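Walk through this model one region at a time. Keep the structure open beside the text.

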Amino acid sequence: MDKLLIQGGVSLKGEIRIAGAKNSALPILAATLLTHDTVKVCNLPHLYDITTMIELMGCLGVEPIIDEKLNVEINSSSIKHFNAPYELVKTMRASILVLGPLLTRYGQAEVALPGGCAIGSRPVNLHISALQAMGADITVENGYIKASVKGKLKGAHIFMDLVTVTGTENVMMAATLAEGQTIIENAAREPEVVDLANCLVAMGADISGQGGDTIVINGVDELHGCTYAVMPDRIETGTYLIAAAATRGRIKVKDTRPDILESVLSKLEQAGAEIKIGENWIELDMHGQRPRAVSLRTAPYPAFPTDMQAQFTALNCVAKGSGSITETVFENRFMHVHEMNRMGASIRVEGNTVIVDGVEALKGAPVMATDLRASASLIIAGLVSENETTVDRIYHIDRGYECIEEKLQLLGAKIRRIPS
Ligand code: UD1
């Protein structure tokens with residue numbers, strides 16, 4: 001298993017480009033199953049999760065054509081199977097996103113039930129009950145969700161008990177080809193949901209309200225092909241900005257979208273960063289100063305994203321003062337805390353809150369990544385450590401960050417991959 005070796009103590013400086021958003025790219029790839037025409041998806045990030053989704057397409061009998069820029073052309077008319085096997089679903093929970101498209105387009109789908117993961121039990125009951133409300137016959141047998149519908153799905157009025165991102169996406173995709181109108185209330189407002197909706201509209205879907213908490217979809221007879229470029233990754237953007245702030249650095253991130261990062265940029269300003277923005281870039285400058293600790297609470301968009309709390313915990317570890325971070329979206333998302341304490345941090349967990357008392361610097365240590373965003377936070381912890389840190393199990397980070405060590409090297413970090 002590859003490891004990352006980090007020699008800490010360098011302030012990040014320089015410019016990098018941000019990749020396409022993983023969490024938009026995955027549902028958009030699944031959406032290509034909704035038409036027999038060719039859909040060209042551009043600005044895909046180079047990530048394991050994207051490769052897994054393309055592999056899943058292959059299992060269904062679809063043969064994506066990939067060019068050298070990793071633009072993918074998908075024509076799903078060659079589809080032969082309707083089954084997402086456990087071997088793929090267990091490595092990527094977002095495989096559940098093929099359930100809605102397969103069911104609405106082909107009347108059948110079998111998707112392995114995603115298990116729990118490091119950050120909590122993560123059930124998919126809301127995906128299932130919404131599709132049942134649309135007329136699907138669904139059973140869960142032998143670890144598989146088996147779904148079918150006679151004729152077409154029927155539009156329905158769906159109230160989501162909890163805000164769920166992939167749940168909203170699955171139902172929205174299913175509703176595009178259903179009979180009549182579907183209304184999703186308490187829908188996720190995440191920019192990635194809007195990006196998927198915009199792609200579906202480019203394919204001929206009738207959707208309104210995306211970005212708000214009520215989405216209305218009028219089913220159409222069929223969708224058609226299109227070319228669509230995935231939006232920039234806001235979590236990747238935020239992660240590099242936090243890393244720069246923690247290391248007292250100055251960086252510019254390009255090909256990104258400041259308008260969808262307001263809650264994160266405001267916390268960085270509270271931490272003492274000077275932030276400048278343009279239409280598609282963000283510049284952060286700490287003027288060499290140590291960050292101030294910040295307090296925050298995660299919640300669905302537009303509030304502070306759960307995918308960025310671990311990185312802010314790393315920043316608080318070396319900040320002036322104390323900050324508390326409360327996680328309200330997932331039940332068990334503090335796996336990084338123990339590793340950071342082993343690096344000399346002063347963090348205590350009280351229920352779903354961590355309280356961090358900042359120290360001047362951390363001390364490098366061998367640490368283990370447990371999930372995608374926790375891995376990013378341990379890399380930031382390594383960057384603000386006095387000596388050497390090795391981060392093990394970095395397959396987690398390769399799922400969601402494109403060429404992370406190369407981008408950090410461009411910013412001056414002393415980091416390298418040690419192949420196993
Ligand atoms: C998506 C993101 C993930 C992000 C998360 C929250 C993708 C591919 N992943 O994950 O990076 O951390 O949103 O912003 O887009 N829940 C249920 N029943 C369900 C569905 C969800 O109880 O049927 C619960 C979950 O356990 C969790 C909460 O709802 O506590 C939110 O989860 P959800 O928004 O569904 O997360 P994902 O879509 O899996």
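**A residue in a strand**

Start at V354. Leaving aside its neighbours within four places in sequence, V354 touches T313, G323, S324, I325, F334, V337, I347, R348 and V349. This is a predicted model, and local features are reported only where pLDDT is at least 70. V354 belongs to strand β21, which covers residues 353-357.

Is V354 buried or exposed? Its relative accessible area is 0%. Buried means under 20%, so V354 counts as buried. The C-alpha atoms of V354 and S295 are 9.7 Å apart, while 59 residues separate the two along the chain.

**An open sheet and its helix**

Now turn to a sheet earlier in the numbering. Strands of a sheet pair through backbone hydrogen bonds, and the pairing can be parallel or antiparallel. Here four strands form an open sheet in the order β10-β11-β13-β12, and the pairing is mixed. Which strands sit at the edges? They are β10 (157-159) and β12 (206-208), each pairing on one side only. From one strand to the next, the twist averages 15°.

Look at one pair in detail. β10 and β11 (residues 181-185) run parallel and are joined over three bridges. Within this part of the sheet, H157 stands opposite I183 of β11.

A helix accompanies these strands. Helix α6, residues 165-176, lies across β10, β11, β12 and β13. Relative to β13 (214-218), α6 runs at about 25°.

**Empty space inside**

Last, consider the voids. Rolling a probe the size of a water molecule over the atoms shows where empty space is left. How many cavities of 30 Å³ or more does the structure hold? There are three. The largest cavity contains about 50 Å³ of space.

Its lining can be traced residue by residue. T239, Y240, A243, A376, I379, I380, L383, I404 and L408 line the largest cavity. Which element supplies the largest share? α12 does, with four residues.

Eight of the lining residues are nonpolar and one is polar.

Conventions: Residues numbered from 1 in each chain as written. Predicted model: local features only at pLDDT ≥ 70, side-chain atom pairs only at ≥ 80, totals over all residues. Heavy atoms only, no water. 1 Å grid on protein atoms, 1.4 Å probe; cavity = no way out; pocket = protein on both sides within 12 Å on 5 of 7 lines; lining within 4 Å. Points joined across faces, edges and corners; volume = space filled by probe spheres on them. Helix = DSSP H or I, 4+ residues; strand = E, 2+ residues; numbered from the N terminus. Nonpolar A, V, L, I, M, F, W, Y, C, P; charged D, E, K, R; others polar. Buried < 20%, exposed > 50% of the residue type's maximum accessible area, 1.4 Å probe, protein only. Contact = heavy atoms within 4.5 Å. Pairing = 2+ DSSP bridges. Axes fitted to C-alpha atoms, helices over the stretch in contact; angles between N-to-C directions.
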